[in-house]
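Please read them with the structure open.

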Amino acid sequence: MTPSAQLAAVLSGQMQPSEADEAVQSWLSLSVYSMAKSVLLLPKDQRRAQLDGITEGLRGMVESEVIRIHGGLKSARIRR
């Protein structure tokens, strides 16, 4: 399976991220980051619904990335 096909399979939920090649898992991190940013741009009351719409294999990764980004945003505001 080509790397592009693996990434598409992971993003669609047909393949678990851990089953993909190491390079594809690295490439996937950009998609996870983009999804997390999209979640954080939503009003707080809509974030859980957005996260619930993400495939089960990726949801935990995106939730962790949301927490990581949000924590960075908080500390950036404190330093100002």
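1. Helices here are DSSP runs of H or I with at least four residues, and strands are runs of E with at least two, both numbered from the N terminus. On that basis the chain has four helices and zero strands. Read along the sequence, the pattern is α-α-α-α. The model is a predicted one.

2. On overall dimensions, the C-alpha atoms fill a box of roughly 45 × 25 × 15 Å along the principal axes. The chain has 80 residues, of which 28% are buried. For contacts between residues at least 6 apart in sequence, 49% join residues at least 24 apart.

3. Helix H2 covers residues 22-41, which is 20 residues. From the first C-alpha of H2 to the last is 29 Å, close to the 28 Å expected at 1.5 Å a residue. Its buried residues are Val 24, Leu 28, Ser 31, Val 32, Ala 36, Val 39 and Leu 40.

4. The largest nonpolar core has 17 residues. Which of them touch the most other members? They are Val 10, Leu 28, Leu 58, Val 62 and Val 66. Helix H1 (3-12), H2 and helix H4 (56-79) each supply at least two residues of this core. H2 gives the most, with six residues.

5. Val 10 deserves a separate entry. Besides being among the core residues that touch the most other members, Val 10 is in contact with Met 15, Gln 16, Pro 17, Ala 20, Leu 28, Thr 55 and Leu 58, leaving aside neighbours within four places in sequence. Two of these partners, Leu 28 and Leu 58, are also listed with Val 10 among the core residues touching the most other members.

6. How are H1 and H2 arranged, and what is the angle between them? The two helices pack at an angle of about 45°, with their axes 10 Å apart. H1 is therefore oblique to H2, and the crossing of the pair is right-handed.

7. At the residue level, the H1 side of this packing consists of Pro 3, Ser 4, Gln 6, Leu 7, Val 10 and Leu 11. These meet Val 24, Trp 27, Leu 28, Ser 31 and Met 35 in H2.

8. Leu 40 lies in helix H2. Is Leu 40 buried or exposed? Its relative accessibility is 14%, so Leu 40 counts as buried, the cut-off being under 20%. The C-alpha atoms of Leu 40 and His 70 are separated by 7.7 Å, although the two are 30 residues apart along the chain.

9. Ala 8 is found in helix H1. With a relative accessible area of 43%, Ala 8 is partly exposed. Its C-alpha atom and that of Arg 59, 51 residues apart along the chain, are separated by 16 Å.

10. Ser 12 is also in helix H1. Ser 12 has a relative accessible area of 41% and is likewise partly exposed. The C-alpha atoms of Ser 12 and Gly 53 are separated by 11 Å, with the two residues 41 apart along the chain.

Methods
Residues numbered from 1 in each chain as written. Predicted model: local features only at pLDDT ≥ 70, side-chain atom pairs only at ≥ 80, totals over all residues. Heavy atoms only, no water. Expected span 1.5 Å × (residues − 1). Buried < 20%, exposed > 50% of the residue type's maximum accessible area, 1.4 Å probe, protein only. Core = buried A, V, L, I, M, F, W, Y, C linked by side-chain atoms within 4.5 Å. Contact = heavy atoms within 4.5 Å. Axes fitted to C-alpha atoms, helices over the stretch in contact; angles between N-to-C directions. Parallel < 35°, antiparallel > 145°, perpendicular 65-115°, else oblique. Left-handed = near helix turned anticlockwise from the far one by under 90°.
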